[in-house]
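Trainee: I am new to this structure and would like a close look at a single part of it, with some of the surroundings for orientation.

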Amino acid sequence: MTGIDPPRRAANRRPTGYRGGRGDSGAGGNGRSPVGEQLRETRELRGFDLYRVERDTKIRAKYLEALESGDFGDLPGEVYTRGFLRNYAAYLGLDADEIIDEWRRETGEPAPAMTRPVFTSPQPMRIRRGIAFQRSHIIILVVVLIVAAVGSYFGLQVTRFLQYPTVAVSDPSGQQTLVVPVGTTSYVLKGTATPGTTVLVSWDGQDASTVPVDPSGGWTYTALLHFGSNQFDITAKNLDTSHASKTWRVIIQVPVITPSPPEPEIAFVTPVDGVVFKTGTVQVSGTSSLVKSVTLTPTYLGPPPAPGSTIPPAASTPEPTASPAPGASPGPSPSQGPLPTTVQPAADGTFVFQLKLDPGRWQLTIVGTDSNGRSTAPVSRTVVVPYTGLNVTIQVKGGNAWLKYFRDGVAVDSSTYQDGWQVTLTAAKSVCVYSSGRPNLVFVTVNGVSIGSVSQFGGVRVYIDLANPPRNVSSC
C-alpha cells in the first residue's frame with residue numbers, strides 16, 4: 001500500500017445517525033468507536049504497540065490508529081477497511097466476523113445482499129468465414145518472432161558458454177608415443193578441435209604456443225624436436241569462457257646417437273714398406289693410441305728376389321718349404337723365423353722392436369691390444385734381407401731321384417729322395433749337385449733365381465760358384 005490515500009468511495013462516508021468517530025456521541029459515551037475501543041484495549045492488554053502490529057500485520061500504523069479511534073473515513077475504502085479489521089481482529093485473537101458486524105452497525109453499512117444466479121439460454125453459434133487479420137494480430141506476431149529470435153540467440157550463447165571444447169590428434173595417428181628416425185628435427189602435428197576455439201601446444205612444459213583452428217575444426221602445428229623424448233601437451237580452449245578441453249599428450253622419441261668408445265690405434269714409423277736390410281738386423285718402431293701392448297709377428301714369404309727385380313707383394317700365406325735333409329743347412333721358413341714378440345708402449349704411445357732376420361722376403365705385422373682386450377686392425381710392412389754368399393735350393397719334382405750334393409767342396413748328403421723333397425744350402429764359395437740316375441727331375445735355384453734342372457747343363461752335375469755362371473763339371 002502507498003502512503004497516499006485514494007479518494008474515498010461513497011460507501012465509506014459516515015451515514016446519518018453514525019454513532020462512532022471523534023466528537024460523536026457513540027455507544028461508548030466517550031467519543032470513541034466501540035469497535036476501535038475493543039481493538040485498542042485488546043492490543044494494550046496484550047502489550048503490543050502500534051509499530052509491532054504494523055510490522056507483523058503489514059498494516060500501516062496510521063491506519064491502525066484510525067481503526068482504533070473509529071475514524072473509518074480516513075481509511076482507503078470499504079474493501080480495505082473490512083480487510084484491515086479482519087486481519088487486525090484475527091491478529092489480536094478476536095472474532096473477526098463479530099468485529100465486522102459491529103463495524104457495520106456503527107457505520108450503518110448494509111450487509112452484503114445474497115444474489116441469485118441469472119440463467120440465460122445459449123445463443124446460436126455464429127460461423128466465421130475466413131480469417132480476419134487485424135493490425136494488432138500482426139504486431140503480436142512480429143513481437144512473438146522477435147522474442148523467439150532473441151530467445152534462440154541467447155539460447156545459443158548460453159549453450160556455447162556452458163559447452164566445453166574438445167581436441168583430438170590425427171597425426172601421429174592412433175599412437176601417443178612415436179619413434180622417428182635418427183636426426184629428425186621437426187614433425188607436423190595435425191588434429192581437430194571444436195570450431196571457434198584455440199589450440200594451445202606446450203613443448204616439454206614450456207609456455208604454450210597458440211595454434212588457430214579453421215572453420216571446419218582442423219589445425220596443424222610444426223613441432224621442433226631434440227634428441228631424446230619430446231613431450232607435447234595439446235589443449236583446446238575457448239578464450240571467451242576460459243573453458244578448456246582435456247589435455248592430449250603426444251611423445252615423440254628421437255633416438256640418441258651413442259658415441260662409440262674410441263678405438264685403439266697403431267701405426268708404423270719404421271721400416272718403410274719394401275726396404276732392404278743387407279745385414280738382416282731390422283728395427284721396427286711405431287706409435288699407438290689407447291694401446292696397452294703391441295705384438296710383432298715376422299712371417300717368411302720366400303727367398304729374396306734377384307738383384308734388380310721388383311719385390312712381389314706379400315703373399316696371404318707363406319710359401320711352404322720342405323724339411324731339410326740330414327746334414328743340410330736349410331734356409332729360413334715360417335716355422336724357423338723369429339717368434340712373435342710383445343712390448344708395452346711408452347707413455348707417449350711409441351714402441352720399438354729389434355730383431356734379426358735371415359735372407360728372404362719377410363712380412364712384419366704389428367697388432368695393438370687395449371686394456372679391455374680389444375685389438376687394433378693389423379698393420380703390415382714387407383722387408384727384404386738379401387743373400388750373402390750362395391743360397392741354393394735343390395728340389396725333386398716329377399718322381400723319385402737319387403742325388404748327392406756338396407757345399408764348399410764337402411759332401412753334405414746323398415740318397416734317393418721322393419718327389420717334392422727340397423733343401424736350401426748356404427755356402428761361402430760353391431755348391432755342386434750330382435744326380436746320376438734322373439738329373440732331369442732335380443731342379444736348382446740360386447739366390448732366388450731358378451736355373452732349371454741338372455740335365456739342362458749337359459750332364460749329371462751342375463757346379464755353382466760366385467765367380468762363374470752355373471756349369472757342368474766332370475767331378476764335384
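How many helices and strands are there in the protein chain, and what can be said about Thr 424?

Mentor: This is a predicted model, in which local features need pLDDT of at least 70 and side-chain atom pairs count only at pLDDT 80 or more, while totals for chains, interfaces and linings use all residues. Residues are numbered from 1 along each chain as its sequence is written, and side-chain values use heavy atoms, with hydrogens and water left out. The protein chain holds six helices and 24 strands, which are DSSP runs numbered from the N terminus (helices H or I, at least four residues; strands E, at least two). Thr 424 belongs to strand 20, which covers residues 422-427. With a relative accessible area of 15%, Thr 424 is buried, a word that means under 20% relative accessible area with a 1.4 Å probe, counting protein chains only. The side chain of Thr 424 makes a polar contact of 3.0 Å with that of Thr 393; such a contact is a pair of N or O atoms within 3.5 Å, where, within protein, one must be able to donate a hydrogen and the other to accept it, and residues adjacent in sequence count only if both atoms are side-chain atoms.

The largest nonpolar core has 23 residues, of which Ile 394, Tyr 405, Val 433 and Val 444 touch the most other members; a nonpolar core is a set of buried Ala, Val, Leu, Ile, Met, Phe, Trp, Tyr and Cys residues joined through side-chain atoms within 4.5 Å. Among the elements that give two or more residues to this core are strand 17 (390-396) and strand 20, and strand 17 gives the most, with four residues.

Note on methods. Buried means under 20% relative accessible area, exposed over 50%, partly exposed in between (1.4 Å probe, protein chains only).
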